[in-house]
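Hi,

Here's the structure I promised to pass on.

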Amino acid sequence: MHGRKDLTIFPERVEPLLLAMNEEGKNARQLPAPFDVYPLDDIDKDILNEDLPGLPDVSEVETVRHFTRLSRLNYGIDNGIYPLGSCTMKYNPKICEEIAGSVKDIHPADTYAMTNVLKILIELSKDLEEICGMDASTLWGAAGAHGELIGMLIIKKALEEKGEPRSTVLIPDTAHGTNPASSTIAGFSPVQIPSGPRGYLEASTIKDYLDDDVAALMITNPNTLGIFEQEIAHIAELLHNNGSYLYMDGANLNAILGTSRPGDMGVDCMHLNLHKTFASPHGGGGPGSGPVLVKRHLMPYLPLPWIVADEKDSYTLKWDSPTSIGTIHSGMGNLAVLIKTLAYILSLGPEGIKDVSHVATLNANYIKTRLSKSFDIPYTTPTLHEFVLTDKRQQANGVTTMDIAKALIGFGIHPPTIYFPLVVNNAIMIEPTETEPLEELKRFADVMETIASLAETSPEIFKDMPSVSPVGRVDEVWAARHLILTWDMGESNKEAAVSKQ
Amino acid sequence: MSFIPLSREERKEILDAIGVEDEDELFETIPAYLRYKESLNIEGPLDEEALRSRFQFRPHKISFLGGGIYNHHIPAVVDAIASRQEFYTAYTPYQPEISQGTLQAIFEYQSMMASLTKMYASNASMYDGATALAEAALMAIRAKGLKRVVITRATNPAYRKVVNTYLQFNHSIEILEAPFDIISGQVDLDALNDMVDSDTALFIQQPNFFGIIEPLDKIAQTAAKAGFWGIVITEMVSLGLLKPPGAFGPDVVVGDAQSFGNPQNAGGPLLGVLCTTKAYIRRMPGRIVGLTKDSSGKKAFCLTLATREQHIRRGKATSNICSNQGLCALRAAIYLSAVGPKGLKKIAAQCASGSRYLMELMRKKGADAIFKGPVFNEFVVRMEDAKIQALEEAGIVPGIRIENLYPEIPGGQLVTVTEMNTKKDVECMVERI
Amino acid sequence: MNFPDGLKYTKDHEWARINGNMVTVGITDYAQKELGDVVYVECNDVGTRVEQGGVFGTVESVKAVSELYAPVTGTIVEANKTLEDRPELVNTDCYGDAWMITIELTDPSELDNLMDAGKYEAYVSTESK
């Protein structure tokens, strides 16, 4: 394909399953054996395993080569831009990884070692509250969705204490799918409300939906169109006058760090995604972290344990409270991620934090300006750190959002978020973040322009896009029809076996 | 230190390309009264050395701590591989063509967990064992319209608290505790029998919070009367010794696999496990990786059964979980590959032997274990505050105080031994008792 | 798109074939197209009762899960077992081999609430954006 600049090469062939290397006796690992082995005849034979545990027997070299080759089938942030909207795939600083290692040998019940950990967590809480303009927080949410659930439970408890069993939560049509799911798990019924024609929620619309059954409205600001919810303060006022709460999904905080604060917007309760805004790695699907921040009036409901000051000018954990919603994790949330976050905040300092939102917005608007010449941009409303475009122009020649995404892979670039938000048909949601060099922003824009031009001149090539990825288009229908979920399943396992490598 | 790679000139170039004079103009879309004009009251920027000195911690040298989070040997290969940027910086594998590494590794994790537990399938992880248990309870209630959840009192109290939190507003569900026998430390089978019927979801921890191995073979008959039942495993290394839980016929196995290659990390991240029988795979919360092929017939992997998840089903989803504990599951897969079947068995034998060694020495000093039942790697003794303080001053943490969690065991102390303790550690502790 | 004349249709895109007091039910050509490749079909057990407009099962594709709504009130007397192994029939033969259940009807007047092919075709053209 002409004009292609492959900066990402996938060097590995398809890798067999670990099971394929299994052979009895290969694993010769020496393990710590400090104790003389007891006969264990006090344990009933019917409870003991007569066979060996069901694991493959492979050598260390094979383990290392297998997983190393697997890693090379992946695309990471250290390879290139990852322009996924609402994911904030920014650079993961290596110093933060190193700092997190300093807690690895601490057991949470080691109160002496934990005193310093708790001091660090208090500092982190204060910094997050300062950044968000909120009064109090909990750090135990293990992910954004977990944070949402915690927030919804807090609101439910607060309402119950007031003697108001309200059951409805209003959720805009631009919301992430976890919003209605979390409110449902908490026992609410989500009701979808339409965003206005300019892409943001209008207070006048909200008025139509408010009644005494509305517990809360869940808003994302800026929303998934990258548009700042301009009427949020009015909406907050309407909600408060109605006895309802304003919950904010903080996934898009990157756009407003140091520039605008949710607390000032009238938000009562919100969560953060530390693996987005605060540069913790995504880990191929986690661990993330979803702290929840509240205004003073919701403090009593925060989940346990609470970190409280003791008489000795240090901190301890409080495990009892009649008002709290209870504990929501068996440990200390994803504590290592919390450590990385404080290291990140301290690395940046107050000016650095503000600069994040400036450059995130700058970079997104640069890409938008470049791409608006060749792609349909559904809203003229100004956007911040991300924006949405559609395949409308390319559809004229039969080229779809899916084709564009797969073509990007063909150019060695991870595609943006596609088919979300639902409020835009065939959406392509782009968020470059602030950690992309100008050269990389230009490369992405150049490639998108090339794709747009190919869609006009030779649309037929999109169906047979040559692939630099290790596998071609993956058959998700076959996967769902056969449901082979482990390597022990089904005869079909052999059917799907490699026909060519 | 900033991670922004743009020079001043480049920022100007971008402003020109956009047609904007000043960066502040980009934020005109934010109402003026919402613009934050002050400077954040936050420390920094700090350089890397300043950061290194800021984060200093001192764990005890000799400790016998467990109770749901365990100190186990982690082979060097786990860190070496998990710190590859292609694994840890990667996004969720929604674009399968360029995420085959993550997808296959998770598929292998699922396979090994299913194989170890002898259950039909495993998901790609949950936040921790407690939330996995709560989600399993929700699964049971939704699937069968059950009215009652029975969890043994000897199941980790932190887990039971989380289940209560998740179910607190569901007033049609009763949550009950099945008592344990004060002599053996195992579940009271007669009491359990009276509590279980077809309207009940039953959960039982193995080994239980006291480290006692439950007679699952006997319990299984009672459990089969329940509408739904599950086994909870907080110490996965026990799978190196005990019969796989699937052999007893539960509908789910939940728990935490932090013991597989994940450090204690002062309490997180942990690794929630959820495995089910074939009948429940469509009701499993969380992500699942499936095997398939690509357009040319090559073996490939992708996320499957996604229509049950939040991003498609939204309000009707099986759960709200999105990000899970992906990297921790990868570490578990590497760990299991590194230690192998004989290795896991050896480690389990060491844990069971270490606890017996310490129990024997303590018995000789008049500090008997409270329960008569067989243990895995932890046990309960009575210890006075003064004794504990003396040990801590000598640099030894002799386990976790549990008398506040179990007032019926005054002076209760849960002591854990793993392959990371030494004979000397044990002898040091016993000396001071 | 194909909407055979001899059948009745619902607003939720099910079709009904009436044979005395037996009503065979499936989903229409419009529905199967919207869903995409069907991967799974699940129906309530034979012997269970359904209400007109009530849920009798779900149909799943890679991008969506949809509830299946009964066109009439009655008892499920038959369920199509072939769909367990061959869900793709919903895409290839939605009016024939991919029939889902047969309901023994209790109130024939309910049939008046259903649309004929012409009405349904008009309804579909307003539904699709």
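To start with the inside: which residues in the largest nonpolar core touch the most other members? That core has 329 residues, and the ones to look for are I154(A), L246(A), L133(B) and A201(B). Do keep in mind that this is a predicted model. If you click on L133(B) and skip its neighbours within four places in sequence, you'll find it in contact with Y159(B), V163(B), F203(B), V232(B) and V254(B).

Next, the place where the two chains meet. Here 169 residues of chain B are in contact with 167 residues of chain A. On the chain B side, helix α11 (residues 326–364) gives the largest share, 24 residues. Sorted by class, that side of chain B has 83 nonpolar, 59 polar and 27 charged residues.

You'll find it in the loop between β1 (62–63) and α3 (76–82) of chain B. Is it buried or exposed? N71(B) counts as buried because 22 other C-beta atoms lie within 10 Å, and the cut-off for that is 20 or more. Leaving aside neighbours within four places in sequence, N71(B) is in contact with H107(A) from the other chain, plus L65(B), Q264(B), T418(B) and M420(B).

Last, chain A is assigned two domains: domain 1 (1–105 + 375–501) and domain 2 (113–346). Their C-alpha centres lie 30 Å apart. Where they touch, domain 1 puts in 27 residues and domain 2 puts in 29. On the domain 1 side, α2(A) gives the most, with 5 residues.

Key. Residues numbered from 1 in each chain as written. Chains lettered and ligands numbered in written order. Predicted model: local features only at pLDDT ≥ 70, side-chain atom pairs only at ≥ 80, totals over all residues. Contact = placed C-beta atoms within 7 Å. Helix = DSSP H or I, 4+ residues; strand = E, 2+ residues; numbered from the N terminus. Nonpolar A, V, L, I, M, F, W, Y, C, P; charged D, E, K, R; others polar. Buried ≥ 20, exposed ≤ 12 C-beta atoms within 10 Å, placed from the backbone. Core = buried A, V, L, I, M, F, W, Y, C linked by C-beta atoms within 7 Å. Domains from an automatic or database assignment.
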